[in-house]
Amino acid sequence: MIDYELLKQELNAIGLQLDDYGYDRFDSYAERLVKWNEHINLTAITQPDDIVIKHFADSLYPLKYIKFSPGQSLIDIGSGAGFPGLPILIANSQLEVNFVDSVGKKLGFIKDVLRNSGLVANVTHARAEELGKDSEYRERYDFATARAVAPLNVLCEYCLPLVKVGGLFVSLKGATGAEELRQAEKAIGILGGEVVKFDEYTLSNGDKRSLVIIRKISQTPTKYPRKSKKIDSRPL
């Protein structure tokens, strides 16, 4: 379905290489995304080249700066159709990934892709703020990722409590990333984070994107995360 050469070009621009099986996995992912999207609203992006550029390449852009080691843990918040966590897992199959979403049907799609790709990961049907209060998940992960889930100041309260001290929260944003980062500076400090990288970039189709990487430098105060209604109505 997808153009392997286009995907290879996109990954070369990031500095990534895959074996043939990796390209096949992305092809299967795209095929199942389009098929499932006929019944469940997963994405408005369904053209093969757009999937490669706007979903796969964009999700993998953080790997320009981050090198994952086998056995490290990543929690993907608000996974939806699996972005960015599933492309990251395809490129780093020895990662321990937990996909989290409050919509069960979307997690069903992720399970289907995992099964058909021969990949192993955890899938958790829950809200991030609930997991952030649970000792099984709180400050347990080397990485947290999220893409287009909520404004950054809100997203930090969902994600940073799940990251262990020394770990990273990786947020993929659109063209408004710089403004969102300014609005999130207070929240990042309160929650124990420190910005280590901000990058504004342009996809090969001309779309503007931004990447925020936040290191967890101290434990998140126990009062956070708050309940979702308070997080959304009174962001830090």
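This briefing covers the pockets and salt bridges of one predicted model. Local features need pLDDT of at least 70, side-chain atom pairs count only at pLDDT 80 or more, and totals for chains, interfaces and linings use all residues. Residues are numbered from 1 along each chain as its sequence is written, and side-chain values use heavy atoms, with hydrogens and water left out.

**Pockets**

- A pocket is an open set of points on a 1 Å grid over the protein atoms alone, where a 1.4 Å probe fits, with protein on both sides within 12 Å along at least five of seven lines. Lining residues have an atom within 4 Å of a point. Volume is the space filled by probe spheres set on the points, which are joined across faces, edges and corners.
- The largest pocket has a volume of about 680 Å³.
- Its lining counts 32 residues, with G78, G80, R147, A148 and V149 nearest the centre.
- At least two lining residues come from each of α3 (48-60), β2 (96-101), α6 (128-131), α7 (152-159) and β5 (163-173). Helices (H or I, at least four residues) and strands (E, at least two) are DSSP runs, numbered from the N terminus.
- By class, this lining has 16 nonpolar, eight polar and eight charged residues. Ala, Val, Leu, Ile, Met, Phe, Trp, Tyr, Cys and Pro count as nonpolar, Asp, Glu, Lys and Arg as charged, and the others, Gly among them, as polar.
- The second largest pocket holds about 160 Å³.
- S73, E96, V97, N98, V120, A121, N122, Y137, R140 and Y141 line the second largest pocket. β2 gives the most, three residues.

**Salt bridges**

- The structure holds 13 salt bridges (a side-chain nitrogen of Lys or Arg within 4 Å of a carboxyl oxygen of Asp or Glu).
- K8 and E5 pair at 3.9 Å, N to O. They sit three residues apart in helix α1 (residues 4-14), about one helical turn.
- K8 is partly exposed at 34% relative accessibility, and E5 is partly exposed at 46%. Buried means under 20% relative accessible area, exposed over 50%, partly exposed in between (1.4 Å probe, protein chains only).
- E129 pairs with R127, closest N and O atoms 2.6 Å apart. E129 is buried at 9%, whereas R127 is partly exposed at 35%.
- K216 pairs with E139, closest N and O atoms 3.0 Å apart. K216 lies in strand β7 (residues 208-216), so this pair ties together parts that are 77 residues apart in sequence. Both K216 and E139 are buried.
- Salt bridges with shared partners join K54, D58, R147, D207 and R209 into one network.
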